[in-house]
Amino acid sequence: MKKPQNQNHNHKQQPSLSEKDVDMIWHPYTQMKTALPPIALVKAKDVTLYAENGDTYIDAISSWWVNIHGHGRTEIAQRIFEQAKKLDHTIFAGFTHEPAIELAEKLLKLLPEDQSKIFYSDNGSTAIEVALKMAIQYWKNKKRRKTKIIALKNSYHGDTFGAMAVGQRSGFTLPFQDMLFDVDFLDLTQEPEKVITEFKKIITKESAAFIFEPLVQGAGGMFMYSPELLNELIQIAHENEIITIADEVMTGFGRTGKWFASLYLKTTPNIFCVSKGITGGVLPLAVTSCTEKIYQAFYSTDKQKTFFHGHSYTANAIAISAALASYDLLMQSSEKIEQIEKSHNAFIQRMSASNKIENLRCRGTILAFDVKTQSGTSYFNELRDHLYESFLKEGVLLRPLGNVVYILPPYCITPEELNKIYTAIENVLASL
C-alpha cells in the first residue's frame with residue numbers, strides 16, 4: 001500500500017503580517033508607493049522592539065516621543081486591568097469619576113501653581129484646538145475684538161486645521177493652505193534683540209494669543225532656544241493683554257530635564273497643552289490646563305459663554321488609569337533623566353570633532369545634531385531615507401527629521417543601550 005503523498009506543496013505559504021498590511025493599511029507620514037514594507041512587530045519590552053522575522057530594534061525615539069517609561073510596563077498594565085473591571089468609560093458631561101479627579105490633582109501639583117482647571121481630550125492636536133478655542137472665546141466672552149494668533153516660524157502643533165494654521169506652512173500643509181486662518185509668525189533664528197523687536201512690531205490690538213513650543217521646537221528640527229528669550233516674549237505678550245499658550249505635548253513630563261519646559265521660565269504661560277507621555281505612551285489622552293482668569297470668562301449664567309467643546313471619549317477612565325500609573329513611575333525617574341542628559345553631553349564631547357555633523361545640542365533627554373549636506377538642513381532632505389534605513393540595519397529605530405538626527409529615549413534605557421545607539425550613529429556617519 002502506497003503512503004499518501006505529502007500535500008504541503010499544494011498549500012500556499014501564508015502571507016506575513018507585513019504583506020497583509022500592504023494590502024489593507026494606509027500609514028501616517030508615508031508615501032505608500034515608494035516606502036519599504038512596514039516592519040511587523042510582535043512584542044515590545046523596555047526599550048526593545050521585536051519584529052516578526054526575529055530582528056530587534058532599540059526604540060531610541062520612544063515611539064514618536066510618547067513611551068517615556070519603556071514598553072510593557074506591568075505597573076501600567078495592572079492599573080489598566082483593575083480600572084477596566086471597575087469602570088471603563090462613561091459620559092463626562094454631567095458625570096465625573098475618581099480617576100479624572102485624582103489625575104487633575106496630580107497634574108496641578110506638577111504644573112505652575114497658577115494653573116487652576118484641567119480640560120480633558122484625547123491627543124496633542126486636539127489639546128491645541130482646545131487651547132486656541134479657549135483663547136479666542138475668552139476675548140469674545142469679554143466682548144473684545146481680539147482674534148489674531150501669533151506663532152513661531154518652524155513650529156509644529158499637529159495636523160487638525162487649527163493646529164495646522166498655527167504651524168509652519170510647508171509641504172505638510174500645502175494642500176490646505178487657502179483654508180487656514182491667517183497667523184503672524186515670529187522667526188526665532190535671528191539674534192534675540194531682533195526677535196524681541198520683531199515681536200513688538202507684530203503685536204496689534206487684535207492679537208489674541210501667542211502659542212509656542214517652549215525651548216525645543218520638535219518636528220521643526222529639534223531647534224533649541226533659551227529660556228531667557230522665551231521669558232521676555234511671554235512678558236511682552238502679557239503686557240499687551242495677549243494670552244500665552246505653551247505647547248508642552250512633546251516637552252512635558254521630564255523631557256527637557258524638568259517636569260515641564262515652562263518651569264525653566266520666570267513668567268508662566270496662561271494655558272498648557274500636554275499629551276504624548278501623559279499615559280507613558282500606552283493610551284491616547286490629552287489635557288489643556290488654564291488659569292482661573294481664563295476659566296472665569298466662561299463661568300456665567302449666560303449659556304452662550306459656555307465652552308462648547310468635547311469628545312465622546314473625554315476623560316476615559318482606562319486611559320486616565322494609565323496616566324496615574326505613569327505619574328507614579330515619573331516620580332521615580334529624576335535620576336534616570338539626569339543620567340541620560342549626562343550621557344548625551346558626553347557623546348556630544350565625543351562627536352564635537354566630527355566633520356560630518358554640526359550644531360550638536362542637548363536639552364534634558366533630547367539630543368540632536370545636523371548631518372552636513374550640500375543642500376542644507378530640511379525636513380525633505382534626500383539623506384533622510386538613507387539614514388533611517390542605515391540605523392535600522394544597526395538595530396536602532398531613529399527617524400531623522402530630514403538631515404536632523406535626534407535621540408529621545410525612554411527613561412528606563414541603560415547606559416549599555418545608550419552606547420549601542422551612539423555606536424550605531426558613529427557607524428552610519430562613518431559610512432557616509
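Trainee: Where is Ser343 placed?
Mentor: Ser343 lies in helix 11, residues 334-351. Helices here are DSSP runs of H or I with at least four residues, strands are runs of E with at least two, and both are numbered from the N terminus. The model is predicted, so local features need pLDDT of at least 70 and side-chain atom pairs count only at pLDDT 80 or more, whereas totals for chains, interfaces and linings use all residues. Residues are numbered from 1 along each chain as its sequence is written, and side-chain values use heavy atoms, with hydrogens and water left out.

Trainee: Is Ser343 buried or exposed?
Mentor: Ser343 is buried, because its relative accessible area is 15%. Buried means under 20% relative accessible area, exposed means over 50%, and partly exposed is in between, with a 1.4 Å probe and protein chains only.

Trainee: Which residues is Ser343 in contact with, leaving aside its neighbours within four places in sequence?
Mentor: Those residues are Leu418 and Tyr422. Contact means heavy atoms within 4.5 Å.

Trainee: Turning to helix 12 and helix 13, at what angle do their axes cross?
Mentor: The axes of helix 12 (residues 383-393) and helix 13 (residues 415-431) cross at roughly 130° and come within 10 Å. Axes are lines fitted to C-alpha atoms, for helices over the stretch in contact, and angles run from 0 to 180 degrees between N-to-C directions. Helix 12 and helix 13 are therefore oblique to each other. Angles under 35 degrees count as roughly parallel, over 145 as roughly antiparallel, 65 to 115 as roughly perpendicular, and the rest as oblique.

Trainee: Which residues meet there?
Mentor: Leu387, Ser390 and Phe391 of helix 12 meet Ala424, Ile425 and Val428 of helix 13.

Trainee: What about helix 7 and helix 8: how do their axes cross?
Mentor: Their axes come within 11 Å and cross at roughly 20°, which means that helix 7 is roughly parallel to helix 8. Pro192, Val195, Ile196, Phe199 and Lys200 of helix 7 make the contact with Leu229, Glu232, Leu233, Ile236 and Ala237 of helix 8.

Trainee: Which residues of helix 8 are buried?
Mentor: They are Pro227, Leu229, Leu230, Asn231, Leu233, Ile234, Ile236 and Ala237. These buried residues pack against strand 6, helix 7 (192-202), strand 7, strand 10 and strand 13 (357-363). After helix 8 comes Glu241, with a positive phi near 55°.

Trainee: New topic: in what order do the strands of the open sheet run?
Mentor: The order is 4-12-11-10-7-5-6, with 7 strands and mixed pairing. Two strands pair if DSSP finds at least two bridges between them. Strand 4 (115-121) and strand 6 (183-186) are the edge strands, each pairing on one side only. From one strand to the next, the twist averages 20°.

Trainee: How many bridges join strand 5 to strand 7?
Mentor: There are 3 bridges between strand 5 (residues 148-152) and strand 7 (residues 207-212), and the two run parallel. Ile150 has Phe210 in strand 7 as its bridge partner.

Trainee: Which helix lies across strand 4 and strand 12?
Mentor: Helix 5 (residues 124-141) does, and the elements it lies across also include strand 5, strand 7, strand 10 (243-247) and strand 11 (271-274). Helix 5 runs at about 25° to strand 12 (286-291).

Trainee: Finally, what do strand 1 and strand 2 form?
Mentor: They form a hairpin with 2 residues between them, and Asp46 in the turn has a positive phi of about 55°. Strand 1 (residues 41-45) and strand 2 (residues 48-51) run antiparallel and are joined by 4 bridges.
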